[in-house]
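Please look through the sequence and the 3D model below before reading on. The paragraphs after it go from the whole chain to its inside and then to its surface.

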Amino acid sequence: MNLTIRIIGQIVGFIAIGISSVIYLQKSRSKILTAKLITDVTWAAHHFLLGNAIAGISACIAIFREILFIKKPKPVYLVIFPILLFLPLVLTYKNITSLIPPIASTLATFGFYCKNVRLIKVFAVLVSVLMLTYAIFNNSLAAAVNELIVLSSLAISEIKVHIEKNSRYITVLVDDAETEEK
């Protein structure tokens with residue numbers, strides 16, 4: 001593959017990183033899905049430019065998934081999208097790692113179907129670990145860096161939730177203590 005195209009692909013991947021780094025810092029499902037939609041477009045371009053067809057196709061399918069999930073998730077999507085994600089393997093299978101993007105995207109489908117933001121994030125951890133593995137084995141430096149950043153973002157988000165939860169608890173304790181003193 002042409003070196004210039006591969007370099008452009010990596011640059012597009014690093015643009016995608018910037019977008020991906022904020023997905024799971026969002027507090028609402030709709031904002032998470034909107035950020036994910038934007039990042040899917042850039043990841044599709046990245047993977048196609050690197051010649052990773054199955055990952056590019058998975059990202060394109062994810063674009064449509066996010067559009068439909070933003071509008072209104074329907075249970076039938078939990079069947080349709082996994083089928084759509086695995087069908088391209090018939091034509092694009094290179095090695096065992098070719099199974100990772102459809103598996104990860106299927107898990108993402110189940111995650112994004114959920115209305116609970118914390119559950120979406122649990123699925124996101126699984127997806128990121130799988131895609132990190134794929135990136136390492138398929139020479140996608142940008143995708144590997146992205147998944148490390150996404151995992152860090154997920155951890156920061158959880159720490160932030162934990163701190164907010166504990167600060168409310170501490171505020172209640174302090175308020176109760178002040179009330180007892182009076």
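A disulfide is counted here when two cysteine sulfur atoms lie within 2.5 Å of each other. In general terms, a disulfide is a covalent bond between the sulfur atoms of two cysteines. The structure shown holds 0 disulfides.

This is a predicted model, in which local features need pLDDT of at least 70 and side-chain atom pairs count only at pLDDT 80 or more, while totals for chains, interfaces and linings use all residues. Residues are numbered from 1 along each chain as its sequence is written, and side-chain values use heavy atoms, with hydrogens and water left out.

The overall fold comes next. The protein has 8 helices and 0 strands, where helices (H or I, at least four residues) and strands (E, at least two) are DSSP runs numbered from the N terminus. The order of the elements from the N terminus is α-α-α-α-α-α-α-α. The C-alpha trace spans about 75 × 35 × 25 Å along its principal axes.

Among contacts between residues at least 6 apart in sequence, 70% join residues at least 24 apart.

What share of the 182 residues counts as buried? The answer is 43%, with buried meaning under 20% relative accessible area, exposed over 50%, and partly exposed in between (1.4 Å probe, protein chains only). The two cysteines C60 and C114 show how the cut-offs work. C60 is partly exposed because its relative accessible area is 27%, whereas C114 counts as buried because its value is 14%.

Now to the inside. In soluble globular proteins, nonpolar side chains tend to be buried together. A nonpolar core is a set of buried Ala, Val, Leu, Ile, Met, Phe, Trp, Tyr and Cys residues joined through side-chain atoms within 4.5 Å. The largest such core has 27 residues, and Y24, I32, F112, I120, M131 and Y134 touch the most other members. Helices α2 (29-50), α3 (53-71), α4, α6 (100-113), α7 and α8 (141-181) each supply at least two residues of this core. Its largest share, 7 residues, comes from α7. Apart from this core lies another of 8 residues, among them L132, A142, A143 and A144.

Beyond its neighbours within four places in sequence, I32 is in contact with I23, Y24, Q26, F112, V117 and I120. E66 lies in helix α3 and is buried, since its relative accessible area is 0%. Leaving out neighbours within four places, the contacts of E66 are L33, K36, L37, D40 and F112.

L130 sits in helix α7 (residues 117-137). L130 is partly exposed because its relative accessible area is 24%. Not counting residues up to four places away in sequence, L130 touches I100, I103, A104 and L107.

The surface is the last topic. The protein exposes about 9,900 Å², and carbon and sulfur atoms supply 73% of it; accessible areas come from the Shrake-Rupley method with a 1.4 Å probe, and for residues only the protein chains shown count as cover. I80 lies in helix α4 (residues 77-86) and is partly exposed because its relative accessible area is 36%.

Note on methods: Contact = heavy atoms within 4.5 Å.
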